[in-house]
Amino acid sequence: SIMPATLSAISNSARRGVLFKGGVHAENLSHMQAIAFDKTGTLTNGTPEVTDLYVSPGIDKEDVLLHAGAIEKESTHPLAEAITSRSGDLDFSMVDVQNVKTLSGNGIAAVINDETWKIGKAALVGETEANGFLNGIAEKLAAEGKTIVFVKRSKEIIALYALKDTIRKDAKIAIKTLRKHGIHTIMLTGDNETTAKAIAAEAGIDDYIAKCLPEEKVDHIKALRSKFNHVAMVGDGINDAPALATANIGIAMGKGTDAALETADVVLMKNDLPKITNAIQLSERMNRIVK
Ligand code: ADP
Ligand code: MG
C-alpha cells in the first residue's frame, strides 16, 4: 500500500509537470548520486542546423548538396533533416538513391549510379583515408562544439558538414543546481571527443563520455552504477530506452519517443530539466515525513 505522504508527493509533482510511475521512484529519487544525460534532444534542443559546408579541392558543392541531400532524405535522424534542408529547393527526384543503409550511431550509406556514398562520423568514413585539408578544418569546427559529418564517395572524402545544435536554455541552470546538490553530472554522446568536450564545457557538466554508440550507453550506466550506487539517466530517444531501464531511475523527456516514455520511471512532461531538482527536493521532504 502507498503511504499518504508518498501519494501526496506524487500528485504534487504531477501538478508541477513531473510524472512518477510509482511511489518507489518518488522515494528513490533523493538517493541519486549521479545523473547521466543523453546529449541530442535532452541537453540540446535536438534540432541542429548546418553552419558550414566545405568541399575538397575540385569537388562541385552543388553536386554534394544534391546527392548528400537526397541520401539524407531517407533518414529521420535530426542531423539528416538538417543536411537535407541545407539543400534548399534542389530537385532530388533526379537522383536515383539505392540500397540505403542506416548505420546506427554512425551515419548512413547508399548507392548512386553504382558509386557507394557514406555520410557520417570520421570512424564511418575511415579516419586514415580522410584527406588532410578537410581534417584540419574538422578539428577547428569541432572545438566550437559543432558536430562534424563527412561525405565519402567511393574511396574519397569529398566534403564535410558542420552542424550546431543549441543547448536548452534551462539545461545550464539544471546542471548547476544538481551539482550544488552534490550530484555528479555526466553527458553521454555519440559525437567525437573534441565536440563533446566543447558542449560539456558550455553546459557546465562535470564529465562526458564521447564516441558512445547507442548500444554502449547501457554499459556506461552499469559502470556508473558500480561507481556511484544510485544513478539516474535522462534521455529522449529510442536508443536511450535500454539505458533508462538500466539506471536506478530512468527519466524521459516528455516530448521524447514512445520507447523512452514507456521505459522511464519518471517523465518530465514539458521537457523541463530544472524540474529534476524540484522533484529531488520533494522526494527528500517526503522521505523525512515517511520515516
Ligand atoms: P547523439 O549521441 O548525439 O544523440 P547519434 O548517436 O545519433 O548522436 O549519432 C552519433 C554520430 O553519428 C553523429 O554525431 C554523426 O556524426 C553520426 N550520424 C548518425 N546518424 C547520421 C546521419 N543520418 N547522417 C550523418 N551522420 C550521422
Ligand atoms: Mg537524444
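Q: Alanine 34 stands opposite which residue in strand 11?
A: Alanine 34 faces valine 231 there. This is a predicted model, in which local features need pLDDT of at least 70, side-chain atom pairs count only at pLDDT 80 or more, and totals for chains, interfaces and linings use all residues. Residues are numbered from 1 along each chain as its sequence is written, while chains are lettered from A and ligands numbered from 1 in the order in which they are written.

Q: What makes strand 2 and strand 11 a pair?
A: Two strands pair if DSSP finds at least two bridges between them. Strand 2 (residues 34–38) and strand 11 (residues 231–235) are joined by 4 bridges and run parallel, so they pass that test.

Q: In what order do the 7 strands of the open sheet with mixed pairing come?
A: The order is 1-13-12-11-2-9-10. Strand 1 (18–20) and strand 10 (207–209) each have a single partner strand, so they are the edges, with one side lacking a neighbour in the sheet. Neighbouring strands are turned by 20 degrees against each other on average, direction ignored.

Q: What lies across strand 2, strand 9, strand 10 and strand 11?
A: That's helix 10 (residues 217–228), running at about 150 degrees to strand 11. Axes are lines fitted to C-alpha atoms, for helices over the stretch in contact, and angles run from 0 to 180 degrees between N-to-C directions.

Q: Why is strand 12 described as largely enclosed?
A: A residue is buried if 20 or more other C-beta atoms lie within 10 Å of its own, exposed if 12 or fewer, and partly exposed in between, with C-beta atoms placed from the backbone. In strand 12 (residues 249–253), 5 of the 5 residues are buried, so the rest of the structure largely encloses this strand. Ile249, Ile251 and Met253 are on one side, with Gly250 and Ala252 on the other. Strand 12 also pairs with strand 11 in the parallel sense over 4 bridges, and alanine 252 is the bridge partner of glycine 235.

Q: Why is aspartate 206 called partly exposed?
A: Aspartate 206 has 15 C-beta neighbours inside 10 Å, so it falls in the in-between class. This residue lies in the loop between helix 9 (193–203) and strand 10. Leaving aside neighbours within four places in sequence, aspartate 206 is in contact (C-beta atoms, placed from the backbone, within 7 Å) with Arg179, His184, Thr185 and Ile186.

Q: Which strands are at the edges of the 6-stranded open sheet, and why?
A: The order is 3-8-7-6-5-4, with antiparallel pairing. Strand 3 (49–55) and strand 4 (97–103) have a single partner strand each, so both are edges. Within this sheet, strand 7 (residues 147–153) and strand 8 (residues 156–164) pair over 7 bridges, and threonine 147 has leucine 163 as its bridge partner. Helix 7 (residues 132–142) packs on the sheet, touching strand 3, strand 7 and strand 8, at about 10 degrees to strand 8.

Q: At what angle do helix 4 and helix 5 pack?
A: Helix 4 (residues 61–72) and helix 5 (residues 78–86) pack at about 145 degrees, with axes 8 Å apart. Leu65, Ala68, Gly69 and Glu72 in helix 4 meet Ala80, Ile83, Thr84 and Arg86 in helix 5.

Q: Which residues of helix 5 are buried?
A: Pro78, Leu79, Ala80, Ala82, Ile83 and Thr84 are the buried ones. Their packing partners include helix 3 (39–43), strand 3 and helix 4. After helix 5 comes glycine 88, with a positive phi near 60 degrees.

Methods: Helices (H or I, at least four residues) and strands (E, at least two) are DSSP runs, numbered from the N terminus. Two residues are in contact if their C-beta atoms, placed from the backbone, lie within 7 Å.
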